[in-house]
Amino acid sequence: MDKSKVIAAYKRGFITVVECGQILGVEEMQLKRLLQLEERKSTFPSTSQRIGS
């Protein structure tokens with residue numbers, strides 16, 4: 001399963017943080033880093049996205 005889909009399911013409340021870590025097969029610290037990285041991705045547009053017109 002795609003890690004971003006698992007993290008999205010966690011953020012939507014479908015699974016707990018423990019279940020999220022188990023599905024991804026990561027430890028707590030690794031999971032925290034993944035969540036931070038995903039948050040940054042959603043905050044900042046990627047370089048391939050156009051801003052404006």
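A: Let us begin with a word we will need: two residues are in contact, or touch, when heavy atoms of theirs lie within 4.5 Å. With that in hand, look at Glu38, which touches Lys3, Ser4, Ile7 and Lys11, leaving aside residues up to four places away in sequence. Glu38 sits in helix α3, and that helix is the part we will follow.

First, some ground rules. This is a predicted model, where local features need pLDDT of at least 70 and side-chain atom pairs count only at pLDDT 80 or more, while totals for chains, interfaces and linings use all residues. Residues are numbered from 1 along each chain as its sequence is written, and side-chain values use heavy atoms, with hydrogens and water left out.

Now the setting. The protein chain has 3 helices and 0 strands, in the order α-α-α from the N terminus. Helices (H or I, at least four residues) and strands (E, at least two) are DSSP runs, numbered from the N terminus.

Next, which side of α3 faces inward? We call a residue buried under 20% relative accessible area, exposed over 50%, and partly exposed in between (1.4 Å probe, protein chains only). In α3, the buried residues are Leu31, Leu34, Leu35 and Glu38. Seen down the helix axis, they fall within an arc of 100 degrees, so they line one face of α3; the arc is that of the directions from the helix axis to the C-beta atoms. A helix has 3.6 residues a turn, so residues three or four places apart point the same way. The buried residues of α3 pack against α1 and α2 (17-24).

Leu31, Leu34 and Leu35 also belong to the largest nonpolar core, whose 8 residues include Val6, Ile7 and Cys20 as well. Such a core is a set of buried Ala, Val, Leu, Ile, Met, Phe, Trp, Tyr and Cys residues joined through side-chain atoms within 4.5 Å. Two elements, α1 (3-11) and α3 (28-43), each give two or more residues to this core. As for Glu38 itself, its relative accessible area is 13%, so Glu38 counts as buried.

Finally, the charged residues. A salt bridge is a side-chain nitrogen of Lys or Arg within 4 Å of a carboxyl oxygen of Asp or Glu, and the whole structure has 2 of them. One joins Glu39 and Lys11, with the closest N and O atoms 3.4 Å apart. This pair links distant parts of the chain, as Glu39 in α3 and Lys11 in α1 are 28 residues apart. Glu39 has 41% relative accessibility, so Glu39 counts as partly exposed, and Lys11, at 45%, is partly exposed too.

The other joins Glu28 and Lys32, with the closest N and O atoms 3.5 Å apart. Both residues lie in α3, 4 residues apart, about one turn of the helix. Glu28 is exposed at 56% relative accessibility, whereas Lys32 is partly exposed at 42%.
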